[in-house]
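Biologist: I am new to this one. Could you show it to me and take my questions in turn?

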Amino acid sequence: MIFSNNSIMENTVTKNNLWGGGARPMIASYGKLMMWFFLMTDALTFSAFLGAYGFQRFVHADAWPIADEVFNHFPFIHGEYPMFFVALMTFILIMSSVTMVLAVHHGHKMNKKGVIIWLGLTIIGGLIFLGSQAWEWYHFIHGTYEGALRGADGSIAHFVSGTTSEIIRHGEVLTGEVAASFIASAQEIHGANLIYNEYGHPLFANFFFFITGFHGFHVFSGVVILVVIFINVLRNTYEKRGHYEMVEKVGLYWHFVDLVWVFVFTFFYLV
Amino acid sequence: MAEGNSTRKIWIVFWILFVLTTIEVFLGIFKPDFLTDNLIIGVSLLNHTFIFLTLLKAYYIVMTFMHLGDEKRSLKISIIAPMFVLIPYLLFILLVEASFHGAIG
């Protein structure tokens with residue numbers, strides 16, 4: 001996107017002093033360029049997190065919970081609905097990305113009313129997403145009614161349904177003496193936190209809280225920045241400045257948050 | 001830029017993302033046998049499909065929503081090239097060091 005007031009300077013700069021200062025070598029403003037480079041480094045941070053997640057999951061494959069079996073609740077409906085809620089969250093975030101890009105589009109046309117409408121919808125989408133994430137965390141932390149048994153060695157087992165003497169640990173059924181000694185030293189747990197996780201290996205919970213928490217914090221800061229920009233739009237700041245490039249820069253950040261969620265969705269819930 | 005054209009493009013990309021996500025969700029729920037049972041370099045065909053669809057979604061978000069497609073070639077390369085170099089490098093280091101310590105492989 002090239003603003004009309006940008007192109008004058010570009011034409012007068014020759015190739016020789018392009019990087020000598022005072023020019024915009026990539027025909028993008030300083031702020032936009034730096035936003036791109038920030039996002040690129042942030043993407044590397046998230047890659048490191050997801051890479052570490054994949055690695056630990058591979059190492060502890062036998063005790064790693066299946067995300068489908070952990071996150072299978074849907075608000076106001078009883079029963080098990082794997083993937084539905086997280087798919088809804090993904091759609092909400094994609095939708096808010098669309099409203100954001102439409103806000104940027106109206107900004108280019110200096111259409112204040114359009115920017116207000118679409119930016120407002122983007123903020124609402126962001127808030128709904130944060131609410132959904134809080135709901136998901138709440139259920140993960142509280143866990144199931146049945147709970148699980150946590151052995152002295154930290155391994156997690158569940159009762160075979162209908163019995164109180166047979167247990168399943170890492171997909172293996174234990175009975176008799178072995179099961180009895182495990183149950184005797186075990187502790188009943190519900191839900192997940194940073195120390196234990198009723199669904200399986202505690203690292204799963206640690207990574208879940210850390211990665212979705214880090215992403216959620218990005219969404220939260222995104223909403224705060226969007227609100228600041230929204231107030232500025234209402235106060236005619238960008239109208240006076242002559243362009244809405246700030247909306248575009250914040251838009252880049254917002255799309256990045258959506259982009260990261262696309263990857264978190266794949267590597268946490270699908271793979 | 002024509003008014004109708006660019007908003008139309010945005011909505012087309014929205015529908016592409018919508019359909020790709022729906023496909024992912026359906027594959028995630030039903031997990032077809034022929035996809036889970038076939039392995040390529042130790043990863044099931046299903047996971048390869050997920051990763052491919054995700055990268056496709058990422059392409060549309062970055063190119064259309066973030067307008068990287070409209071930027072100068074030099075800017076495009078300076079953002080995308082580090083991704084394609086550093087992320088595989090990161091994974092490579094992770095796997096090699098892990099196998100050295102006996103954690104995997």
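Modeller: First, a term: buried means under 20% relative accessible area, exposed over 50%, partly exposed in between (1.4 Å probe, protein chains only). This is a predicted model, where local features need pLDDT of at least 70, side-chain atom pairs count only at pLDDT 80 or more, and totals for chains, interfaces and linings use all residues. Residues are numbered from 1 along each chain as its sequence is written, chains are lettered from A and ligands numbered from 1 in the order in which they are written, and side-chain values use heavy atoms, with hydrogens and water left out.

Biologist: What area is buried between chain A and chain B?

Modeller: Interface size is often given as the accessible area lost when the parts come together. Buried area is that loss (1.4 Å probe), summed over both parts. Carbon and sulfur atoms give 82% of it here, and the area is about 4,200 Å².

Biologist: Which element gives the largest share of the side of chain A that touches chain B?

Modeller: Contact means heavy atoms within 4.5 Å. It takes 46 residues from chain A and 47 residues from chain B. Helices are DSSP runs (H or I, at least four residues), strands likewise (E, at least two), both numbered from the N terminus. With 15 residues, the largest share comes from α2(A).

Biologist: Which residue of chain A forms a salt bridge with Glu71(B)?

Modeller: A salt bridge puts a side-chain nitrogen of Lys or Arg within 4 Å of a carboxyl oxygen of Asp or Glu. Between chain A and chain B the count is one. Glu71(B) is found in the loop between α3 (45–65) and α4 (73–100) of chain B, and is buried at 8% relative accessible area. Its closest N and O atoms are 3.0 Å apart in the pair with Lys32(A).

Biologist: Which residues are linked with Lys32(A) in a network of salt bridges?

Modeller: Glu248(A) meets Lys32(A) in a salt bridge (3.0 Å, N to O). Glu248(A) lies in helix α9 and Lys32(A) in helix α2 of chain A, 216 residues apart. Both are buried. The network links Lys32(A) with Glu248(A) and Glu71(B).

Biologist: Asp153(A) forms a salt bridge with Arg169(A). Is Asp153(A) buried or exposed?

Modeller: The closest N and O atoms of this pair are 3.9 Å apart. Arg169(A) is partly exposed, at 23% relative accessible area. Asp153(A) has 58%, so Asp153(A) is exposed.

Methods
Buried area is the accessible area (1.4 Å probe) that two parts lose on being put together, summed over both.
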